[in-house]
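These are my notebook entries on a structure that I went through with a few geometric look-ups.

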Amino acid sequence: MLYQSTRDPARKKYTSAEVIKMGLAPDGGLFVPESIPPLTPDMIDVLCRDDYPVRAAKVLSLYLTDYTCDELLADCTAAYSPESFPGGPAPLVSVHDNVYTLELWHGPTAAFKDMALQIMPRLLSRALVKTGETREALILVATSGDTGKAALEGYKDVDRVRIMVFYPVDGVSRVQKLQMATQTGSNVNVCAIKGNFDDAQTGVKKIFGDKDMAAALNDKGFILSSANSINWGRLAPQIVYYVSAYCDFLNRNVLKMGEPMDVCVPTGNFGNIFAAYLAKRMGLPIRRLICASNRNKILTDFFKTGTYDRNRAFHMTMSPSMDILISSNLERLLWVAAGEEKTAAWMKELSEKGSYTIDGDTLAAVTADFRGYYASEHWTAEEIASYFTCHGYLADTHTAVGLHAAEEYLDKKKNNDGTPLVVDSTASPYKFAADVLASLTKDIGLPKDPLDALDALSALTGTEIPYPLRGLREREVRFTSVIGADEMPAAVLAFCDK
Ligand SMILES: *Cc1c(COP(=O)(O)O)cnc(C)c1O
């Protein structure tokens with residue numbers, strides 16, 4: 001299997017190791033597989049008898065053909081171990097009637113980014129060897145909170161890789177700050193920046209674009225790499241849990257082979273839902289893909305009208321990981337539906353005008369598979385309260401957006417025909433404990449300290465705090481440095497000398 005850029009009419013080909021190492025295509029496009037490998041009923045039947053790591057290795061082997069089966073099995077076994085995922089990597093939970101959640105947050109940072117970031121660093125480490133790279137990879141991340149911690153956990157102690165994370169000193173929550181400052185591992189570094197998230201992000205981008213920095217790092221034996229969510233190495237592992245959910249339905253006799261399920265995904269950058277779309281195109285019986293947005297409903301509007309328009313107000317919501325106005329991975333869907341030339345032209349319009357409109361044929365092609373719904377802040381809080389009261393299910397703020405979209409979809413009689421509907425649960429409710437607690441208690445008597453909110457939520461609901469968020473107060477703080485954004489290059493070089 002070879003890969004190409006979504007924007008390259010010449011269709012220059014790359015191996016999977018190359019695309020994982022490079023991240024972004026040279027023309028600014030995203031890497032996509034040249035064809036979509038079939039997943040036959042016979043293959044699904046075999047996967048039903050496998051555990052999650054084996055399912056993952058077998059699905060990944062269809063895409064990462066320059067990795068051996070043994071390599072993939074070793075990496076998947078290590079990534080999705082019971083130590084890292086004590087609740088299982090992707091348990092399918094029956095919530096009510098035909099609604100199920102796929103809980104993707106039982107990993108080391110209690111959010112779904114772990115599903116990709118536990119395996120992607122291992123794939124990168126091997127990609128360096130496979131592409132004849134002699135240097136080490138240095139991962140730089142600017143984070144507004146969650147991605148930084150998930151990347152640190154994924155890259156810690158991975159061979160031939162170092163990682164340095166920058167976060168705005170006053171721009172992350174106390175829980176997030178503690179999670180990062182207490183990070184373990186011999187190849188990690190964490191640094192607070194005086195300024196906001198943009199200052200940190202601009203600082204990282206400058207380092208990536210600086211030729212002198214590249215030369216200085218090269219002298220020290222490093223190449224820069226990113227843990228960005230548009231990297232194919234992060235997307236491919238997300239296909240696996242949709243296949244796994246279908247196998248679980250078959251094993252439980254909820255479905256017979258070939259009968260469809262619906263999938264609903266709380267969406268930000270469009271990575272997770274695009275993985276579900278690929279699973280469908282491979283042959284997994286998925287009827288519809290329901291794209292759930294929060295108040296930043298740019299995708300809901302896009303599926304309704306065919307116009308993607310980022311010239312609009314940006315809202316901060318209680319589902320911050322979905323507060324996005326550029327859903328980068330949508331480009332991959334456009335490429336599947338309309339090809340390189342149209343995709344390149346729309347992306348040019350997006351960067352120049354902030355909007356584009358797809359043609360009628362392309363809109364018809366994407367709306368055959370996708371539906372878009374959104375949840376306001378009011379409805380997000382209502383779903384958290386009603387799912388807990390009526391169904392005994394405690395959802396985080398992002399999952400609640402998905403549950404609301406699912407309810408709206410099922411309100412239409414023709415959709416509510418007994419087909420099981422899988423809603424991705426993308427974060428532990430404890431990751432957003434203060435907002436979940438506020439939704440349950442209608443804002444009465446809330447603890448001021450976010451760490452206390454964890455205990456209060458546990459006491460109120462009788463559920464357990466997940467292991468990554470337990471005992472945060474007692475952990476050793478390893479990283480305390482706070483620097484100006486202009487000092488970032490020096491800090492990076494100093495880290496390389498360690
Ligand atoms: C990143 C994230 C999302 C959005 O996923 P995309 O792949 O960007 O669409 C949803 N929920 C949570 C908790 C996340 O961290």
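The entries below cover the ligand site, the aromatic residues, the helix ends and selected loop residues.

**Conventions**

I worked on a predicted model, in which local features need pLDDT of at least 70 and side-chain atom pairs count only at pLDDT 80 or more, while totals for chains, interfaces and linings use all residues. Residues are numbered from 1 along each chain as its sequence is written, and side-chain values use heavy atoms, with hydrogens and water left out.

**Entry 1: ligand site**

A polar backbone atom of Gly 268 lies 2.7 Å from a ligand oxygen. For Asn 272 I noted a ligand oxygen at 2.9 Å from a polar backbone atom, and for Phe 270 the corresponding distance is 3.1 Å. The ligand taken alone exposes 390 Å², of which the protein buries 95%; the areas come from the Shrake-Rupley method with a 1.4 Å probe, and for residues only the protein chains shown count as cover.

**Entry 2: aromatic pairs**

I paired rings of Phe, Tyr and Trp (its six-membered ring) if their centres lie within 6.5 Å, with planes under 30 degrees apart counted as stacked, over 60 as edge-to-face and the rest as tilted. The count comes to 18 aromatic pairs.

I examined Tyr 52 and Tyr 80, an edge-to-face pair at 5.1 Å centre to centre with 75° between the planes. Tyr 52 lies in helix α3 (residues 52-63) and Tyr 80 in the loop between α4 (69-79) and β3 (92-96), so this pair ties together parts 28 residues apart in sequence. Helices (H or I, at least four residues) and strands (E, at least two) are DSSP runs, numbered from the N terminus. Both Tyr 52 and Tyr 80 are buried; buried means under 20% relative accessible area, exposed over 50%, and partly exposed in between (1.4 Å probe, protein chains only).

I then turned to Tyr 277 and Phe 370, a tilted pair at 5.5 Å centre to centre with 35° between the planes. Tyr 277 sits in helix α12 (residues 271-282) and Phe 370 in strand β13 (residues 370-374), 93 residues apart. Tyr 277 and Phe 370 are buried as well. Both belong to one aromatic cluster, whose members include Phe 270, Phe 274 and Trp 346.

**Entry 3: charges over rings**

I searched for charges over rings (NZ of Lys or CZ of Arg within 6 Å of the ring centre and within 35 degrees of the ring normal). The charged end of Lys 130 sits over the ring of Tyr 67, 4.8 Å from its centre. Lys 297 is placed likewise over Tyr 374, at 5.2 Å from the ring centre.

**Entry 4: helix ends**

Asp 210 caps the N-terminal end of helix α10 (residues 211-219), with a side-chain oxygen 2.9 Å from the backbone nitrogen of Asp 212. Just after α10, Gly 221 takes a positive phi of about 90°. Helix α14 (residues 330-338) has buried residues, among them Leu 330, Arg 332 and Trp 335. Gly 339 follows α14 with a positive phi near 90°.

**Entry 5: loop residues**

Most residues other than glycine have a negative phi. Which phi does Asp 97 take? I find a positive value of about 40°. Asp 97 lies in the loop between β3 and β4 (99-103) and counts as exposed at 65% relative accessibility. Asn 253 also has a positive phi, near 60°, in the loop between α11 and β9 (261-266); at 69% relative accessibility, Asn 253 counts as exposed.

Is Asn 231 buried or exposed? Asn 231 is buried, with a relative accessible area of 2%, in the loop between β8 (222-225) and α11 (232-251).

How values were computed:
Polar contact = N/O pair within 3.5 Å; in protein donor to acceptor, adjacent residues only side chain to side chain.
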